[in-house]
Number of protein chains: 2
Amino acid sequence: MSSPERARTLGATTEAPLTHLLHTGADRGLPVAPASGRLRPLGLGEVQITGGFWADLQKLNSSAMIEHCEKWVERMGWTTNFDSVVAGTIAESRRGREFSDSDVYKLMEAMAWEIGRTGDHAMDARFEALVARIAPVQEADGYLSTKFGRPGQQPRYSDLQWGHELYCYGHLIQAGVARGRTTGEDEFVRLAVRAADHVCEAFGTGGIDNVCGHPEIEVALVELSRYTGDRKYRDQAQLFIDRRGHGRLGDIEFGAQYFQDDAPVRDTAIMTGHSVRALYLAAGAADLAVDTGDGELLAAITSQTLATLARRTYLTGGMGAHHEGESFGVDYELPSDRAYSETCAGVASVMLNQRLLLASGEAAHADAVERTLFNVVATSPSQDGTAFYYTNTLHQRVPGTIPDEDEPSARASSSLRAPFFEVSCCPTNVARTVASLGSYLASVDDAGVQLHQFASAQILAPLGDGRTVGLSVETRYPDDGLIRVTVIDVPSEDQGAEWTLSLRVPAWAERAVLRVDGEATSVASGYAQVTRAFAVGDVVELELPVVARWTWPDARVDAVRGQVAVERGPLVLCLESTDLGASVNIASVDTSVPPIELDGAVLVQVTTTEAADVAWPFGAAAETDPLQVTDRGLISLVPYHSWANRGPSTMRVWMPVA
Amino acid sequence: MSSPERARTLGATTEAPLTHLLHTGADRGLPVAPASGRLRPLGLGEVQITGGFWADLQKLNSSAMIEHCEKWVERMGWTTNFDSVVAGTIAESRRGREFSDSDVYKLMEAMAWEIGRTGDHAMDARFEALVARIAPVQEADGYLSTKFGRPGQQPRYSDLQWGHELYCYGHLIQAGVARGRTTGEDEFVRLAVRAADHVCEAFGTGGIDNVCGHPEIEVALVELSRYTGDRKYRDQAQLFIDRRGHGRLGDIEFGAQYFQDDAPVRDTAIMTGHSVRALYLAAGAADLAVDTGDGELLAAITSQTLATLARRTYLTGGMGAHHEGESFGVDYELPSDRAYSETCAGVASVMLNQRLLLASGEAAHADAVERTLFNVVATSPSQDGTAFYYTNTLHQRVPGTIPDEDEPSARASSSLRAPFFEVSCCPTNVARTVASLGSYLASVDDAGVQLHQFASAQILAPLGDGRTVGLSVETRYPDDGLIRVTVIDVPSEDQGAEWTLSLRVPAWAERAVLRVDGEATSVASGYAQVTRAFAVGDVVELELPVVARWTWPDARVDAVRGQVAVERGPLVLCLESTDLGASVNIASVDTSVPPIELDGAVLVQVTTTEAADVAWPFGAAAETDPLQVTDRGLISLVPYHSWANRGPSTMRVWMPVA
């Protein structure tokens, strides 16, 4: 297919000296390629994470997470469903929920990015093997589903509320774009395009005048439009976004708000309903707004995102306060112990905020991406990459039980990471995000390069007018706050021309320091900028104050009144019973003793108490003070993302103040 | 049928001078009639509430609530389902959920008690009309369901997890017993007995070796055994209780804990899973334990009930901290704003605690009954008896919208009382409880009479050895703490014989005073006793300190740390925006000014604040104090049970301490 985007950028990546191993070099490996916006993204072909926290997570993804997901989607029958369609036995033998196809596609998206990132030939062969099983299931008109439409199954599109057919296509199309932007056009890309063509045919003007119960197709169609250069996919996304919010899906017990069909997204002041649905929809609407120049829609999405961050987001960046309906709560309703904070909502918030960052250049969105990556997305997988959190509580009151490693778990009842779930959207969502992490680090505009996220990396930055610069980033972030950027390549024709290097200073970073040529300047949160005619070997250092700090809640967050948390750089820390030697439920912290950093550990002064039994826990003040202090001492906190890696425990992020 | 219980008591009620209008005088009108236990209950034939809070609620039940429910079960199609079975059209025309029959039966139980209590002939005719529609649906072997077993429907007992067939029988049998114990044996009573016989046949030894997903049949079968004197029903209840807890129902996403099939009830230390299910099961197990003399089972039920009161119950007496699964949370997990506290769980807790009170004589259970009646059961109906709360939040953050009075509401999403629900267990449950309230006031033992709940009433108390005494209670409780008991009848042969009058002193009542012959004694919580040879005209007065008081939470209840509530006597009070003139979300209370009582109102010093917008609600202490004080003043609190009767509002029981 003809791709203006690919034509434009192909040269830059294949000729550039720092491009890493896109094994075909077909594209820049951009997960998101907006037609306009304040900043232009860099792709996996331009940013290679070389060490540290995110590199370790990418290694875990390569070595364990992706294969784990491959094994499990097979074991759960979600891939064999495709074989059953071919065998004609699907009606009687289908396994999994109505959306199980999507997890195969999401896994394939993860594999596509990973193959592009690493050139893993073995994984590529496995990817092709999956394609060979899926392709025969696609019908002549592009329809593709293991759940609907075959003899003995419900008819196509007979259950738009819950059927998830368009949701599945969304993930198929995203996987197709990922494949196209890394390996290049192939049978799988064409298959995804045929599915999208079918969607335009079936749901276009004059077709089925409705939407899918679960948004996702929108964000996928806009990206496919960018990839192919064909506007019809974007027009179809526009139709879906304009149709939604007028009650077409009908009512359900949770209310139409659950699937954002109660009000148009452009009239929505703050997110409500099912969190992942709301966030995917907003991400698609942001893409649409940027590409169509719909400033009003972009403003609406930006405003609702900022409002949601201000009033309906956990300290971790997690979203979704209700288990029931996996939904947002109302303003400031953020219970720690009942936090749903679905991993997928974290992924979706990262997607959305990255889009708004590119559109606006506003650091608040990069801050949200960072917070959510470190404290939600990175929390999900276990240390060995073979178990995942689906929900992410901020207060575990009762030690969990270790899930059977041979059985899928219920999504929300597991209090420890589980190998897989009956509804298993999260593990593959983490895998695709981690595989494409490189794209979150940096962007460019006509004036220069912006560093948004900090990891040791090699960056090749095409400034857009033919100039291309290379940067090397060295840092031990988030363990340490020093980020050293070295200019390692300036195109010869560009010597002497000025450009601007911008480095994000997170909102939490008070007294950050920027050093250029050994000269230090105090810089405020937002973006610290250095404009000069950089030469190869020039070094810019940003020193962020990565030290443990108390974090207090707004008075309106009732659930954590009288409690304090500790953060260190972008990491939320937590108190775990493994370190305390007692239940965290009866611990409090003495804030008159500042957090102490010792040998890489953060310690706070904790008081543990013995809880007397009471017949009734409410009464006159004297009656309700049954706690006897049993111990006081300095106790290590651990990064929230690492909790429960040492076995069942109780844990709390917010600690009562003694 | 032969009823030893009826034979034993018939004389007492029909001959007694104070018996009120059981229109047939057939029985004592006992909702619960244990075979043994520390105390013996009095029935509707022996206790007549004559004025005050509960009398007003009974009048509302008579004049509005019951007819409202009759109208709605018809309108929802739940009664016409029976007609459709007769017409042979049920498979295609059935309306309502699988358990809709139960609401017809629960309504009929309410009507039965009400007819017994008031002799309402018009209501009796309507009751008989319902019987005439239901009776033809019962099959030859006693099976009775509008949901299963007819051509085009699923087979009988093909879905024990969710089918609710035995649950429906439970309510049918309870209604049958209510009818039998008030009006006497009739066609409906025989119909209920035939259904119970069918259950024993189908699920007895050698029959289907399983239980119903929703407990309820157990408590009903034990009571039917008491009513008929036939042990086989109790034996069947025993089978169900012994079978449960071994995983027979299979697993579901919520886990087998949801329907208490994860562990036998006799091995359960504290209640878990779906609250109403857990409480009905415990009530049935308590009945079984008492009648079979199974002390171990009774101890287990008592212990789990006390543990649940101590650690998993709201200040209101409400139970169920999770919307998801309508279930109990873990210990001390009691979020105000996400309190589920289902009205039916309140009813079930009242049932359970009343049974344990009769079994043990322990005041803690009567305290729980009182707290739950005043603050959960009484909260559900609106002032005019035509709308109901299904859930009972303790913190309403956003004013609700007034539900359409012509449409049923979703059960938990309504923030105001709604006329009816798609799942409408609560209104009929309130109706049956209010109609039978008389039975909660007093009991007898061989030594005398116990007053557990306080309302103006006439009481006829058969002491059990042929002696019968009459008492008149006058009180303005809960507005006022003075309870005056006058002896109005002592059987002539009993003159000069001593007996004991016991009056409950609630746990909250510090410095209660008992006055006999003008002599005052300070009495502790529990039961205050007067033993003497009472003469007609003797007066005993109990003076409870009904004044507004601060109530503080145990330090382990994280959700309300730093907050305080106000109670007055048995009533929990709350702050409502209607009185505050601002959102309660940004209000705090100054506890250095004690609650003030003025002209029947309770006022506290409240500070309201203006909430500044913040981009991120967590940070250094200085950043998170954006609230400017806008007003200070004395604000009226209202009884929690009356909240939202003046239109949409925000409300909180627990108020942040300024």
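The structure is a predicted model in which local features need pLDDT of at least 70 and side-chain atom pairs count only at pLDDT 80 or more, while totals for chains, interfaces and linings use all residues. Residues are numbered from 1 along each chain as its sequence is written, chains are lettered from A in the order in which they are written, and side-chain values use heavy atoms, with hydrogens and water left out.

**Negative patch**
- Asp251(A), Asp404(B), Glu405(B), Glu407(B) and Glu422(B) gather on the surface as a patch of negative charge, where a patch takes residues with over 30% relative accessible area and no salt bridge, joining like charges within 9 Å and nonpolar side chains (Val, Leu, Ile, Met, Phe, Trp, Tyr) within 5 Å.
- A salt bridge is a side-chain nitrogen of Lys or Arg within 4 Å of a carboxyl oxygen of Asp or Glu.
- Glu405(B) is placed in the loop between β3 (395–396) and α15 (425–435) of chain B, helices being DSSP runs (H or I) of at least four residues and strands runs (E) of at least two.
- With a relative accessible area of 62%, Glu405(B) is exposed, a class that begins over 50%, with buried under 20% and partly exposed in between (1.4 Å probe, protein chains only).

**Nonpolar patch**
- Ile596(A), Leu598(A) and Leu634(A) form a nonpolar surface patch with about 250 Å² of accessible area together, computed by the Shrake-Rupley method with a 1.4 Å probe.
- Leu634(A), which lies in strand β21 (residues 627–639) of chain A, counts as partly exposed at 43% relative accessibility.

**Open sheet of chain B**
- Five strands in the order β1-β4-β5-β9-β12 make up an open sheet with mixed pairing, two strands being paired if DSSP finds at least two bridges between them.
- β1 (40–41) and β12 (526–532) of chain B are the edge strands, each pairing on one side only.
- Strand β9 (residues 499–505) of chain B pairs with β12(B) in the antiparallel sense over seven bridges, and Val505(B) stands opposite Gly526(B) in β12(B).

Methods
Lys and Arg count as positive and Asp and Glu as negative; His and the chain ends are not counted. The place of a charge is taken as NZ of Lys, CZ of Arg, CG of Asp or CD of Glu.
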